Amino acid sequence: MDLDVRQSGNICTLKVKGALKSGPPVDEFSQAIHSALDSGHIYIVLNLEAMPVLDSSGIGAIVNALRLAKKMGGDVKLVNPSSFAEKTFKMVGILNLFTVYATEGSAVTAFS
């Protein structure tokens, strides 16, 4: 898995490239979330269009990102989740926790 991280103002955009699965990928993702929040980027945009699959650890890491951001007064928005990710989020009943956008730009604009 690879992460593209961009920060602007109090918004951090993370593009997840590859599988978000238990072990180093989830650890790297969680570390990036903590780093963003610790540096004041409480609004997180997760671009999931290049994330073909995720497992229960990946789901937990994404939900935890939302929990931590909300605790600090922020939020997490999803951009273009892959069909597998969207189906998985619906199946485990967490898709309704997030607002989903077609583009990063629209998700960023929603925070203003």
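Two strands are said to pair if DSSP finds at least two bridges between them. The model described here is predicted. Pairing in that sense links E3 to strand E4 (residues 75-79). The two strands run in the parallel sense, over 5 bridges. Individual partners can be named. Val-45 has Lys-77 of E4 as its bridge partner. Leu-46 is partnered by Leu-78, also in E4.

These strands belong to an open sheet of 5 strands. Its order is E1-E2-E3-E4-E5, and the pairing is mixed. E1 and strand E5 (99-101) form the edges, each pairing on one side only. Neighbouring strands of the sheet are turned by 25° against each other on average, direction ignored.

Leu-78 stands opposite Val-100 in E5.

E4 is mostly covered, with 5 of its 5 residues buried. The cover extends to both faces of the strand. Asp-75, Lys-77 and Val-79 lie on one side. Val-76 and Leu-78 lie on the other.

E3, H2 and E4 make a right-handed β-α-β unit. A right-handed β-α-β unit is also made by E4, helix H3 (residues 83-91) and E5. E4 takes part in each of these units.

In H3, the buried residues are Ala-85, Thr-88 and Phe-89. They fall on the same side of H3 because they cover an arc of only 100° around the axis. Ser-83, Lys-87, Lys-90 and Met-91 are exposed on the other side of the helix. The cover over the buried residues of H3 includes E3, H2 and E4. Just after H3, Gly-93 takes a positive phi of about 80°.

Helix H1 spans residues 24-38 and has 15 residues. From first C-alpha to last, H1 reaches 21 Å, close to the 21 Å expected at 1.5 Å a residue. Seven positions need listing here: Pro-25, Val-26, Phe-29, Ala-32, Ile-33, Ala-36 and Leu-37 are buried in H1. Their arc around the axis is only 130°, so they sit on the same side of H1. The face turned away from that buried side carries the exposed residues Pro-24, Asp-27, Gln-31 and Asp-38.

H1 lies across E1, E2 and E3. Its direction is at about 150° to E3. Strand E1 (2-8), strand E2 (11-17) and strand E3 (43-50) are included in what covers the buried residues of H1, as is helix H2 (56-71). Just after H1, Gly-40 takes a positive phi of about 90°.

Is Thr-13 buried or exposed? Thr-13 counts as buried because its relative accessibility is 6%, and the cut-off for buried is under 20%. Neighbours within four places in sequence are left aside in what follows. Thr-13 is then in contact with Asp-4, Val-5 and Arg-6, among others. Its contacts also include Val-45, Glu-104 and Val-108. Val-45 is the residue whose bridge partner in E4 is Lys-77.

Key: Residues are numbered from 1 along each chain as its sequence is written. This is a predicted model: local features need pLDDT of at least 70, side-chain atom pairs count only at pLDDT 80 or more; totals for chains, interfaces and linings use all residues. Side-chain values use heavy atoms; hydrogens and water are left out. Helices (H or I, at least four residues) and strands (E, at least two) are DSSP runs, numbered from the N terminus. The expected span of a helix is 1.5 Å times one less than its number of residues. Buried means under 20% relative accessible area, exposed over 50%, partly exposed in between (1.4 Å probe, protein chains only). The arc is that of the directions from the helix axis to the C-beta atoms. Contact means heavy atoms within 4.5 Å. Axes are lines fitted to C-alpha atoms, for helices over the stretch in contact, and angles run from 0 to 180 degrees between N-to-C directions. A crossover is right-handed if, with the strands pointing away from the viewer, the path from the first strand over the helix to the second runs clockwise.
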